[in-house]
Amino acid sequence: MSAEAERKTETIPQWKREEVDDIVDLIEGYSSVGIVNVTGIPSRQLQTMRRNLHGSAELRISRNTLLNRALDEVDEGVEELKEYVAGEVGLIGTNDNPFGLYKQLEESKSPAPIGAGEVAPNDIVIPEGDTGVDPGPFVGELQSIGAAARIMEGSIHVTEDSLVVEEGEEVSDDVANVLSELGMEPKEVGLDLEAVYSDGVLFEADELAIDVEEYRADVEAAAARARNLSVNAVFPTAQTTPTLVQKATGEAKSLGLQAEIESPDVVPDLVSKADAQLRALAAQIDDEEALPDELADVEAPAAGAEAESQDESSDEETESDADEADADEEDDDDDDSAGGEGLGVMFG
């Protein structure tokens, strides 16, 4: 350390030194560290949010200069967060993964009124319906900000959904007063995650804002398609080998029946097939004296039965295919379940 740097360090007040040390301890004590925007959050609500995070994350609000100094002292890549230390921000640490942290912070946001001079975070629309306000000057206030309003049935009604402020526009005093009178809370108050550093990777907020269920469905669909490709291409893997063996067994048995191969696994089916064919033939002979006693009372098979008896090999093959399909479905369920558990760990 240079002499100039030493002199600067010596001039830092003790309370600042202690504050930086505490921030460093927070950074080093968690696997994921992020910067959150706290602009516009009242102190009371901020304290409530801090309490709600207890046990899963830790929030620390400090001067930006001290946050930057602590990030520099830790180094190890986490200093990349300095780019996001601007305005009213705080440092948050958690052992959850970044996706889980983002999801938790988004779910903790709550509706709040918007004040004059604030920028609309989205389009502000006054919905159609009864405002519940008695007839009076308020109908004029609604109309002055662009809402379609009139007196109907003893109260002021908005006759159609009315856009009064577009996203990104500044909210005027008149609009703020009308929204307050209507009890509308068009914005959400909460901790906005700017960026998170975790396991050597910096994640920005838009990278963490994903639909978990849609992502899960995409992964499961990709896994199912890969499995089907493996089976159709006869490419054995740990997941598809049992299905491939079942498929090969069914095809071999079907071939054995068609070619009348006297294999121990096929002989019982060949005997059943021959017996069915013999009985079908015996039923066509009118001279009972020409038949042995055990075939004398054989009746002609029902329509289509003879064809079915003569084509048992097709039945066997169909049955094998059905069993294979069932097995595939069970395996897919297992794969989907395993994939779901993995994603659960990933997204929290």
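## Leu46 and its contacts

Leaving out residues up to four places away in sequence, Leu46 touches Val38, Ile41, Leu59, Ile61 and Leu191; contact means heavy atoms within 4.5 Å. This is a predicted model, where local features need pLDDT of at least 70, side-chain atom pairs count only at pLDDT 80 or more, and totals for chains, interfaces and linings use all residues. Residues are numbered from 1 along each chain as its sequence is written, and side-chain values use heavy atoms, with hydrogens and water left out.

Leu46 sits in helix α3 (residues 43-53). Helices (H or I, at least four residues) and strands (E, at least two) are DSSP runs, numbered from the N terminus. Is Leu46 buried or exposed? Leu46 is buried, at a relative accessible area of 12%. The cut-offs are under 20% relative accessible area for buried, over 50% for exposed, and in between for partly exposed (1.4 Å probe, protein chains only).

## Overall make-up

The protein has 14 helices and 12 strands. It contains 348 residues, and 33% of them count as buried. Take the contacts between residues at least 6 apart in sequence: 72% of these join residues at least 24 apart.

## Helices α2 and α4

Helix α2 (residues 14-29) packs with helix α4 (residues 64-74). The angle is about 55 degrees and the axes are 9 Å apart. Axes are lines fitted to C-alpha atoms, for helices over the stretch in contact, and angles run from 0 to 180 degrees between N-to-C directions. The two helices, α2 and α4, are therefore oblique to each other. Angles under 35 degrees count as roughly parallel, over 145 as roughly antiparallel, 65 to 115 as roughly perpendicular, and the rest as oblique. The crossing of α2 and α4 is right-handed. That term applies if the near helix is turned clockwise from the far one by less than a right angle; anticlockwise gives left-handed.

From α2, the contact takes in Trp15, Lys16, Arg17, Glu19, Val20, Ile23, Val24, Ile27 and Glu28. From α4 come Leu66, Leu67, Arg69, Ala70, Leu71, Glu73 and Val74. By class, this contact has 10 nonpolar, no polar and 6 charged residues. Ala, Val, Leu, Ile, Met, Phe, Trp, Tyr, Cys and Pro count as nonpolar, Asp, Glu, Lys and Arg as charged, and the others, Gly among them, as polar.

The buried residues in α4 are Leu66, Leu67, Asn68, Ala70, Leu71 and Val74. They pack against α2 and β3 (89-94). Just after α4, Asp75 has a positive phi of about 60 degrees.

## Helices α10 and α11

Helix α10 (residues 241-259) packs with α11 at about 45 degrees, and their axes are 10 Å apart. α10 and α11 are therefore oblique to each other. Their crossing is right-handed. Lys253, Gly256 and Leu257 of α10 make the contact with Asp269, Leu270 and Lys273 of α11. Those residues divide into 2 nonpolar, 1 polar and 3 charged.

How far apart are the end C-alpha atoms of α11? They are 22 Å apart, which agrees with the 22 Å that its 16 residues (267-282) should span at 1.5 Å a residue. The expected span is 1.5 Å times one less than the number of residues. In α11, Asp269, Leu270, Lys273, Ala276, Ala280 and Ala282 are buried.

## Loop residues

Glu153 lies in the loop between β7 (149-152) and β8 (155-158). Its phi is positive, about 55 degrees, although Glu153 is not a glycine. Glu153 is exposed, with a relative accessible area of 75%. Val234 lies in the loop between α9 (212-232) and α10. Val234 likewise is not a glycine, yet has a positive phi of about 55 degrees. Val234 counts as exposed at 58% relative accessibility.

Glu166 is in the loop between β9 (162-165) and α7 (173-182). Its relative accessible area is 42%, so Glu166 is partly exposed. Which residues does Glu166 contact, leaving aside neighbours within four places in sequence? They are Ala120, Asn122 and Asp123. Glu166 and Asn122 are 44 residues apart along the chain, and their C-alpha atoms are separated by 6.6 Å.
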